[in-house]
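Please read the following note with the sequence and the model open beside it. The points are numbered so that each can be checked in turn.

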Protein chains: 2
Amino acid sequence: MELMNSPGTRDESGKRIIVKDDVLRRIISIFRRYGFAHLDTPVIERFDVLSAKYAGGSEILKETFKLRDQGKRELCLRYDLTVPLARFIGMHKEIKMPFKRYQFGPVFRDGPVKLGRYREFWQCDADIVGAGSMAADAELLSMAQDVFKSLNIDASIRVNNRKLLNGIIRNYGVKEDDIEFVILTLDKIKKIGEESVMELLSERIGRDKSEGIMRLVSDGSGWEETLNRVENEIGDKEGIEGINELRTLRRLLDEFGVTTAVLDISLARGLSYYTGTVFEAFLKRGRIKSSIAAGGRYDRMIGGYLSSKEEIKAAGISFGIDVLVDTLQEREEERDDIDVMVIPIGDSALGIKAASEFRGKGLKTLMDIMGRGPGKNLSYCNSRGIRFAVLIGEKEKSRGVIKLRDLKDGSEQELGVEEAIKTIKSAIKN
Amino acid sequence: MELMNSPGTRDESGKRIIVKDDVLRRIISIFRRYGFAHLDTPVIERFDVLSAKYAGGSEILKETFKLRDQGKRELCLRYDLTVPLARFIGMHKEIKMPFKRYQFGPVFRDGPVKLGRYREFWQCDADIVGAGSMAADAELLSMAQDVFKSLNIDASIRVNNRKLLNGIIRNYGVKEDDIEFVILTLDKIKKIGEESVMELLSERIGRDKSEGIMRLVSDGSGWEETLNRVENEIGDKEGIEGINELRTLRRLLDEFGVTTAVLDISLARGLSYYTGTVFEAFLKRGRIKSSIAAGGRYDRMIGGYLSSKEEIKAAGISFGIDVLVDTLQEREEERDDIDVMVIPIGDSALGIKAASEFRGKGLKTLMDIMGRGPGKNLSYCNSRGIRFAVLIGEKEKSRGVIKLRDLKDGSEQELGVEEAIKTIKSAIKN
């Protein structure tokens, strides 16, 4: 047997997981400030739930891992965190709206494995269920800006509205049946370029219509200017509704102090369930071009899961944990998390009391449990980048002191344990 | 389609997940103080890895969820976090020993579903790989005591040693092939009682041997007394080694200040891979009788995964997250996590600036996004147990103040936002 991971999965350790834990901690802390509560749903779901008409659609089902339990039930692994949320809402009629929940964890897709694409990868979502006002959408975008600020990431958020897109497309006489095709094709502008999108559109709806749509959505001016100009060109009622939603959103974003949101009326997003606001965040600089967060409003999906079929308005945001970790990992040095190593000289029991005191004060403390000599232990500290070593022999113990060595400059001083804790803590802070 | 969870899985929300997050946060914080680093392995593993000779054994394989990817590879869902650790060690020859890692997350077993038994449940493990000294075992037990203290749980830890058990059993002339059977049967004393265990043992090894073993392991006195007495009765070399390990462990536990560990030489643990120290922690009081943490030393398992087959010494502890959450949930009141709700009177934009300031200062803040009137919002606060409401109309905004209402006593005062933050923060602390 060869020891290896299942294809498209990986172990996370060392610097990567230190950065990942930090990213998750910061995002979750901001979710909580915005009043989102934690929900955790299982990895395993029933296949009929995830394959329902209102769920992720046929493309994603092809990539869904299926399994059976001993009772021969058809089960599968969740491919996102949104469909389980819809199931949860459907099962709990008693929930008070608006319901603001966050969830994070692995999701699974049995797709082709290539660079940066995994079969088991992490999502981190926040959704507001039961609120239709643009204040909800604005909260999500404000939250995204807070997250990027907390991560010290320079990002910009492109914003659009599906109603406006529908209106623009309809304005050029595109048949209702082709609207979704046009939207999903527009979503590819960034990936395959404007020319290729023109070609794809022209094949289906003709060159004139395609040129009109492409000209209108390629507008690069500010919010008000763009919206005014589009408003003058289109008469479609849904389109005007989209324009008004974007204007309201813009006013609320100003109140929130969101300065990083730009209007991009070519933005479409690749999922068919969006019904209003859509957005995607990107890094302003750097090698990584894929989106680092994305989301939007989906007012019809959750209702599909209810027996009543009533409309349940909802909007959500999903942060790309893997791409955020990739970004932040690049600019960080190799990190180790240990504050101090306690090295007994002679009997290993000599170090235990000091180690316990360090730990009691919250210092991340290693203690030699290998019975190695001081020299070996000090070079172990060096190899792991541990800055402080504490040496304790019979002599030190009887006098109630320890030797604190700072491996950064090789200095050594005799101190009481309390003093040593102070010294280490103040050094860590700097 | 009926909306439901896959059998043996559940959603976690509300008070339960607040308690669970708190339990995990406290345990992980203590792991880190003891110098353990985070490792996260995938949920999906290759079937040949989890079914290897040195892994969990045939019983657990019967309960392993199997699946295939599109490449028809045989995969499965992990049934514990220890075998993935062994795989990781085997794949990373460069790892410096000792390797101290913690991991937490869901594991999967396709067994019978009954009260308190789930098919998807959480484990939280810390393991020390590459260290054979009793200092490692003592660290794990000290860590367990710290965790229980941090959780304000009154627990006692039963400790034993497999070498000692082997020695005792061999002392009564039991054949080598029957030793494992006797150990796994002794493990059932707590579950089925001494008499039933006697019967099971007598059937296989005869009444005399069974009585001798049961008499010896039923000793209830202190560490030294018990060990001295057993030492006088048995001559088996491995047994004496076990006694010496327990004596060393006891001395180290004293240095660590571990006062909650009791020797119980009937303790066996149900897994066959243990080679030395074994332990199990229980609540001293209360309804819950199952163990809340358990572990021990397994010096031969990881080596089985290496091509070199060299012995890799290891010891670990696993905390029962679900049972800990059950315990703590019982004694907590219903909790909501929101510190304050901002209620605009009139235009919803009125509340945004105040909400942003509250959030900026770390307060968990809801803002009305439903455009409901103040009365409805206040009764929403009441129904969720949110103590503070902030009301802002045009009048308040123009004067730069807010109305802070304390729903606990109905009092209301006009304050600046900074003052309101101070008032809320000091109320939360108490």
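1. A term first: a crossing of two helices is left-handed if the near helix is turned anticlockwise from the far one by less than a right angle, and right-handed if clockwise. Helices (H or I, at least four residues) and strands (E, at least two) are DSSP runs, numbered from the N terminus. By that rule, helix 11 of chain A and helix 12 of chain A cross in the left-handed sense.

2. This is a predicted model, in which local features need pLDDT of at least 70, side-chain atom pairs count only at pLDDT 80 or more, and totals for chains, interfaces and linings use all residues. Residues are numbered from 1 along each chain as its sequence is written, while chains are lettered from A and ligands numbered from 1 in the order in which they are written.

3. To stay with that pair in chain A: the axes of helix 11 (residues 223-233) and helix 12 (residues 237-256) come within 10 Å and cross at roughly 165°. Helix 11 of chain A is therefore roughly antiparallel to helix 12 of chain A. Axes are lines fitted to C-alpha atoms, for helices over the stretch in contact, and angles run from 0 to 180 degrees between N-to-C directions. Angles under 35 degrees count as roughly parallel, over 145 as roughly antiparallel, 65 to 115 as roughly perpendicular and the rest as oblique.

4. Which residues of these two helices meet? From helix 11 of chain A they are A:Trp223, A:Leu227, A:Val230 and A:Glu231, and from helix 12 of chain A they are A:Ile240, A:Ile243, A:Leu246, A:Arg247 and A:Arg250. The contact holds 6 nonpolar, no polar and 3 charged residues. Here Ala, Val, Leu, Ile, Met, Phe, Trp, Tyr, Cys and Pro count as nonpolar, Asp, Glu, Lys and Arg as charged, and the others, Gly among them, as polar.

5. Between the chains, 74 residues of chain B are in contact with 74 residues of chain A (C-beta atoms, placed from the backbone, within 7 Å). On the chain B side there are 33 nonpolar, 17 polar and 24 charged residues. The copies meet through the same surface, because 100% of the interface residues of chain B are also interface residues in chain A.

6. One helix pair spans the two chains: the axes of helix 14 (residues 352-360) of chain A and helix 12 (residues 237-256) of chain B come within 8 Å and cross at roughly 45°. That makes the two helices oblique. Their crossing is right-handed. A:Ile352, A:Lys353 and A:Ser356 make the contact on one side, and B:Leu252, B:Glu255 and B:Phe256 on the other.

7. Two backbone details deserve a look. The peptide bond from A:Met97 to A:Pro98 is cis, with omega near 0°, and A:Pro98 lies in the loop between helix 4 (82-91) and strand 5 (99-108) of chain A. B:Lys72 has a positive phi of about 65° although it is not a glycine; the loop between strand 3 (66-68) and strand 4 (74-77) of chain B holds B:Lys72.
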